[in-house]
Amino acid sequence: MCAAFSHIYLEARAENYSETKSILARFPESTVIRIKHYKDVFNRPAQDAALQNRSKNLILAVNDGKKIFDASPVCQDFGMGKFYYAESAMNCVFSCDYCFLKGMYGTSNVVIFVNQEDYLYECEEKLKDGPMYLCASFDTDLGALSKVSSWMNKWEEFASSHSDLTLELRTKSVVDSFKKDSNIIYAFTLSPDEVISRFEKMTPSLDARIACVNQAIAKGAQVRLCFDPLIYIKNFELCYNEFVGKILQSIDLSCVRDISIGTFRISSDYLPNLRKACPDSSAVLFPFDREDGFCVYPAKLRERLIGIIKNELEKAGYGNKLYIIP
Ligand code: SF4
């Protein structure tokens with residue numbers, strides 16, 4: 001998918017980076033507006049994120065602050081120890097109703113940080129303290145941006161030459177090239193078609209995602225499947241049962257590295273903004289329980305949702321591949 005941006009905001013200091021030049025060359029029709037600092041546009045108060053969502057603009061910027069962060073405790077660390085995420089970009093060209101980014105940022109515009117070498121340097125410095133696990137596609141979907149930005153390739157190349165880095169590239173997108181390195185994990189989020197069409201706006205269908213997973217497997221890449229977040233809908237039992245049946249029929253799970261399962265959860269601080277951004281979406285209007293600063297489904301519902309996927313995968317002999325966020 002290649003998003004079209006009617007306007008591209010360009011920080012003066014970002015102008016001479018090669019990433020900037022190649023992005024601008026891809027969008028000759030876009031109106032380029034020069035700005036002093038990305039925060040003047042991205043953090044502008046009282047933006048209408050729902051309206052912007054219909055036509056997102058792009059901001060090209062230099063990140064002169066921290067670039068790699070400790071991951072949140074509600075993220076699955078897959079037993080990997082030192083767990084970080086990189087803020088290579090902010091916001092996403094897709095538009096899932098339940099996305100925490102909608103709660104975190106008051107805008108739908110997308111920032112791409114173009115000073116890539118600074119990120120790789122910060123990562124190299126952190127690696128001096130020992131092996132690390134890095135989610136590079138975290139505050140965005142780098143796969144969905146791969147026709148816009150070279151970030152995904154950049155991280156892949158860096159991981160190829162740094163075996164002590166385990167890199168996760170999570171996506172709902174259909175990407176078309178994969179590396180076989182054992183330390184590069186392509187993590188595909190899969191959802192039932194009903195959930196995709198109702199709540200995962202602009203993302204590829206389940207069939208397209210499954211085809212992409214199978215292509216990655218055929219290329220010998222490390223593949224992770226993410227059934228996360230599971231979303232409550234009225235007919236969730238039937239829907240998720242059919243879904244897991246389809247996954248078992250269409251993907252050879254013996255070729256998959258591991259599988260994560262988790263239900264929707266979000267920081268309590270982000271829920272009000274999320275509801276403002278998607279005022280009609282049942283995915284965010286649910287009367288959530290609050291636990292340790294997070295909004296979550298009631299424990300019994302979480303168990304039932306997770307149980308549907310977990311039980312079927314265990315019956316099929318893949319219990320040893322499961323990582324579950326209870
Ligand atoms: S694909 Fe991921 S990052 Fe993008 S909108 Fe959906 S949940 Fe958010």
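**Strands, helices and a ligand shell**

Mentor: Start with one residue pair. Phe83 has Tyr133 as its bridge partner in S9. Keep in mind that this is a predicted model.

Trainee: What makes S5 and S9 a pair?

Mentor: Count the bridges. S5 and strand S9 (residues 132-135) are joined by 3 bridges, in the parallel sense. Pairing needs at least two bridges. So S5 and S9 qualify as paired strands.

Trainee: How do you know that S4 and S5 pair, and in which sense do they run?

Mentor: Strand S4 (residues 68-70) and strand S5 (residues 83-86) share 3 bridges. The cut-off is at least two, so they pair. They run antiparallel. Within that pairing, Phe69 faces Tyr85 of S5.

Trainee: Why are S15 and S16 said to stand at the edges of their sheet?

Mentor: That open sheet has 3 strands in the order S15-S17-S16, with antiparallel pairing. Strand S15 (265-267) and strand S16 (289-291) each have a single partner strand, so one side of each lacks a neighbour in the sheet. From one strand to the next, the twist averages 30°.

Trainee: What makes S15 and S17 a pair?

Mentor: S15 and strand S17 (residues 294-296) have 3 antiparallel bridges between them. At least two are required, so the pair stands. Arg265 is opposite Val296 in S17.

Trainee: Why are H9 and H12 called roughly parallel?

Mentor: Look at the angle. The axes of helix H9 (residues 236-250) and helix H12 (residues 299-315) cross at roughly 25° and come within 10 Å. Angles under 35 degrees count as roughly parallel. Therefore H9 and H12 are roughly parallel to each other. Their crossing is right-handed.

Trainee: Which residues make that contact?

Mentor: H9 supplies Phe236, Glu237, Tyr240, Asn241, Val244 and Leu248. H12 supplies Leu305, Ile308, Ile309 and Glu312. By class, the contact of H9 with H12 has 7 nonpolar, 1 polar and 2 charged residues.

Trainee: What makes 2 of those charged?

Mentor: Glu counts as charged. Glu237 and Glu312 are in the contact, so they are the 2 charged residues.

Trainee: Which residues are around the ligand, and how do they divide?

Mentor: Around the ligand are Cys92, Phe94, Ser95, Cys96, Cys99, Leu101, Thr140, Asp141 and Lys172. They divide into 5 nonpolar, 2 polar and 2 charged.

How values were computed: Residues are numbered from 1 along each chain as its sequence is written. This is a predicted model: local features need pLDDT of at least 70, side-chain atom pairs count only at pLDDT 80 or more; totals for chains, interfaces and linings use all residues. Axes are lines fitted to C-alpha atoms, for helices over the stretch in contact, and angles run from 0 to 180 degrees between N-to-C directions. Helices (H or I, at least four residues) and strands (E, at least two) are DSSP runs, numbered from the N terminus. Angles under 35 degrees count as roughly parallel, over 145 as roughly antiparallel, 65 to 115 as roughly perpendicular and the rest as oblique. A crossing is left-handed if the near helix is turned anticlockwise from the far one by less than a right angle, and right-handed if clockwise. Two residues are in contact if their C-beta atoms, placed from the backbone, lie within 7 Å. A residue is near a molecule or strand if its C-beta atom, placed from the backbone, lies within 6 Å of it.
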